[in-house]
Amino acid sequence: MSDDVHKPVRYGTSLKDGVDKIQFWRVFLKHYANPLNDWVQCWPENPPTYREHMGAYSSEVQKLGVELTGAITESLGLGPKYVSDKIEQGMQVITTNCYPPCPQPRLTLGLPPHSDYSCLTILLQGSPGLEIMDMQDGGSWKLVPNVDGSLLVHIGDHLEVLSNGLYKSVVHRAVVNSQKTRISIASFHSLGLDEKMEPAFQLVNENHPKAYKGSSFRDFLNFLSANDIGQGNICFLDTLKIE
């Protein structure tokens, strides 16, 4: 258990245990997953099949992340290999979330409103609880339907940066309920720890000037360590925008 967001394997009950002023109704386990052989021996030994099963899942969802990233960059006119090779060799962080039943669910959240730092987040959830902010409907919150076995894909901050704002990072939150425990597994895909994501120069011109500064996964971790994002008054993406 650790409140050090730089740890490659840790568990906790809030974004930074014992540090954040606002605590959230969840328990989580986070660990790095790519390359798998570099990290799997650091994962929990119990339950006994965890490493085998999560390792198999992580490997397959990493392949999917690479394929989806290639499709997105191709849609931007950059070609399917623009960053897919870097994603394939880059960071993958697996977060398993447990949201226990809450006797007063209207008084708390599982996770506060936020966008993910990553290029892509691929989410598997066991029951409803994910809400996204609908910017076309005045910023209202919409519950995402749960389809058994389906994977939900979020655009993250670094793809918004890469696309120079053509793709938008998804603002979302996790809500809780009083009836049952909700489990979700999120896989975050990004470039290497210190490799900075910049807007593609092909998407920058006189009519669409560069809108974001470059940043890395380590930059995000440093930001998370220095700020209490649970209070909702600051987000990583805002620090990257060029006014």
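These notebook entries record what I looked up in a predicted model.

**Conventions**

I number residues from 1 along each chain as its sequence is written. In this predicted model local features need pLDDT of at least 70 and side-chain atom pairs count only at pLDDT 80 or more, whereas totals for chains, interfaces and linings use all residues; side-chain values use heavy atoms, with hydrogens and water left out.

**Entry 1: annotated span**

I looked up the UniProt record, an unreviewed entry, which lists residues 89–191 as "domain: Fe2OG dioxygenase". UniProt positions are in the numbering used here, feature names are shortened, and annotations may be inferred rather than shown by experiment. I find the end C-alpha atoms of this span 8 Å apart, with 6% helix and 43% strand. Helices (H or I, at least four residues) and strands (E, at least two) are DSSP runs, numbered from the N terminus.

**Entry 2: salt bridges**

I note 11 salt bridges in the structure, each defined as a side-chain nitrogen of Lys or Arg within 4 Å of a carboxyl oxygen of Asp or Glu.

I looked up Arg173 and found a salt bridge to Glu131, with the closest N and O atoms 2.7 Å apart. Arg173 is in strand S9 (residues 172–174) and Glu131 in strand S6 (residues 130–134), so this pair ties together parts 42 residues apart in sequence. I record Glu131 as buried, at 13% relative accessibility. For accessibility I use buried for under 20% relative accessible area, exposed for over 50% and partly exposed in between (1.4 Å probe, protein chains only).

I next examined Lys196 and Asp219, whose side chains form a salt bridge of 2.6 Å, N to O. Lys196 sits in the loop between strand S10 (182–190) and helix H5 (217–226), and Asp219 in helix H5, so the pair joins parts 23 residues apart in sequence. Lys196 is partly exposed at 45%, and Asp219 is partly exposed at 25%.

For Lys81 and Asp85 I note a salt bridge of 3.8 Å, N to O. Lys81 is exposed, with a relative accessible area of 60%, while Asp85 is partly exposed at 41%. I also list a network of salt bridges that links Asp134, Asp137 and Lys142.

**Entry 3: aromatic rings**

I find eight aromatic pairs. Tyr117 and Phe220 form a stacked pair, 4.6 Å centre to centre with 20° between the planes. Tyr117 lies in the loop between strand S4 (111–114) and strand S5 (120–125) and Phe220 in helix H5, so the pair connects parts 103 residues apart in sequence. Tyr117 and Phe220 are buried.

Phe223 belongs to helix H5 and Phe236 to helix H6 (residues 236–240), so parts 13 residues apart in sequence are tied together. Phe223 and Phe236 are buried.

My criterion is that rings of Phe, Tyr and Trp (its six-membered ring) pair if their centres lie within 6.5 Å; planes under 30 degrees apart count as stacked, over 60 as edge-to-face and the rest as tilted. Ring pairs link Tyr32, Trp39, Tyr117, Phe188, Phe217, Phe220, Phe223 and Phe236 into a cluster.

**Entry 4: Lys30 and Phe28**

I find Lys30 over the face of Phe28, 5.5 Å from the ring centre. A charge sits over a ring if NZ of Lys or CZ of Arg is within 6 Å of the ring centre and within 35 degrees of the ring normal.
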